[in-house]
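Dear colleague,

I am handing over the structure below, together with my notes on what was found in it. Please read the notes alongside the coordinates.

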Amino acid sequence: MTTCDYRESGDLEAYFYGERPPAERHRLDTHLRGCAGCRAALEELAAIGDALETMPVVAAPEGANWSGFMERLDARLAADAVPGRRGGGRVSAAALLALAATLTLTTLGVMLAMQATHRADAPAAAAAQTAVPAPPSFEAADTAAFQAVTEEHFERSKLVVLGLAAKDPARAGAADWGYERELAARMLTDTRMYRMAAEDRGLGSIASVMRDLELVLLQASFTDDRDPASLPRIQRLIRRRDLVAKMDAVSLSGL
Amino acid sequence: MSSSEPALVSRAAAGDAAAFQGLVERHRSMVYRLAYRFAGNHYDAEDIAQDVFIKVYRSLDRFRHDSQLSSWLYRIVMNACIDHRRRHVSAGVRPFGAEAERRMHDTPAATPGPETRTYAGELGGMLTAEIGRLPPGQRTVFLMRHEEGMKLGEIATALGLAEGTVKRQLHAAVHRLRRALNAAKVTAGERV
């Protein structure tokens, strides 16, 4: 059985789920009459659906008893009381900053731990050992301090972004950029928090660059590294957004 | 007092605990269902669902009313699922599998023995396990498309991804499940 474009492109799944426009659906109907491989693939998709339908749907804790769940949620919410929420609605940037700083330290810890277990020769690995100043205290979280921690975050992110941008797509196999993908995935939450904190403080330039960085990290962590088109796509995104230059500009201008 | 969803969101964002509880009660089944599908056991599903509502609580005031709350929630659930998995992997914790949970609760009545399972049921169990082994991105997209019936465009919007990326993730997930299905068929054929 040979393969064909419909099966390789993901169009067959889209057809199966009824997500092709009528003209394309008609074209695929015609194709199916002559393609045993695609017909078999469709039958397998239906079989997967049938088999999964036999599995019970679990939409509640055991015994459908929500009381324990709600009690534990209440306790966590009480312990997690967010400054600003009770009094007026918006989460303060300082609270986000404190959370982001915690996440940064967590990420740094993870990065250092990963260094011990991942490729010792990774170019990013040595740079990741750079000492990071302690994050500013909650009380001292003013705009300057926020800019300082975001600058640190940009510096660390550059390791990932430059690592991705510098790879040769013609030679890079999935394993060659797996390390950057892992780091991207781990930095994503921090980046999101910094972006929200920047928006909250009205720091549009930082928020904008964080948004671009978030997009690159999201793409890097989500894409299939065995797909040879993935890396060039991310590299195009980095170039199109001019991300490295923007991170440098924000760091230099302090805005 | 109005209990429409936008009103509940506004009141909850302003610190009204009862309104927040109302939102939790409205959406907890959907959140739990997705979390259980992702994690495969109650222990982790509750952990994920709790994380989701904590995140919702923290960020309700940033919810934009021009989008669906359910789409926004899907995104939070899926991020929470992925974060949960990453935490476990990075901490070296072995996932608390459904099998382990079944053994712990020792509930044989709820678990039919192999002789009473239908072939479809066996396949369903095998595929569920295979879904649990999919990379988080693929698993997320597959669950949202197949289990939740969301369109590719809706998934892309909810996850903040390009539709092409969603399509490729779905394709990769289905490709892997089809391979597992064929392997199971071969095994079943050999047994007969």
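The crossing of α5(A) past α3(B) is right-handed, a term used if the near helix is turned clockwise from the far one by less than a right angle, with anticlockwise giving left-handed. On the α5(A) side the contact is made by A:F69, A:R72, A:L73, A:R76 and A:L77, and on the α3(B) side by B:E46, B:Q50, B:F53, B:I54 and B:Y57; two residues are in contact if their C-beta atoms, placed from the backbone, lie within 7 Å. By class, these comprise six nonpolar, one polar and three charged residues (Ala, Val, Leu, Ile, Met, Phe, Trp, Tyr, Cys and Pro count as nonpolar, Asp, Glu, Lys and Arg as charged, and the others, Gly among them, as polar).

Please note that this is a predicted model, in which local features need pLDDT of at least 70 and side-chain atom pairs count only at pLDDT 80 or more, while totals for chains, interfaces and linings use all residues. Residues are numbered from 1 along each chain as its sequence is written, and chains are lettered from A and ligands numbered from 1 in the order in which they are written.

Taken as a whole, the contact between the chains takes 45 residues from chain A and 44 residues from chain B. On the chain B side, α9(B) gives the most, with eleven residues, and by class that side has 18 nonpolar, 13 polar and 13 charged residues.

Chain B itself has nine helices and zero strands, both being DSSP runs numbered from the N terminus (helices H or I, at least four residues; strands E, at least two). Of its 192 residues, 40% count as buried, that is, with 20 or more other C-beta atoms within 10 Å of their own, against 12 or fewer for exposed and partly exposed in between, C-beta atoms being placed from the backbone. Setting aside residues up to four places away in sequence, B:V77 touches B:V31, B:L34, B:A35 and B:V52.

Best regards
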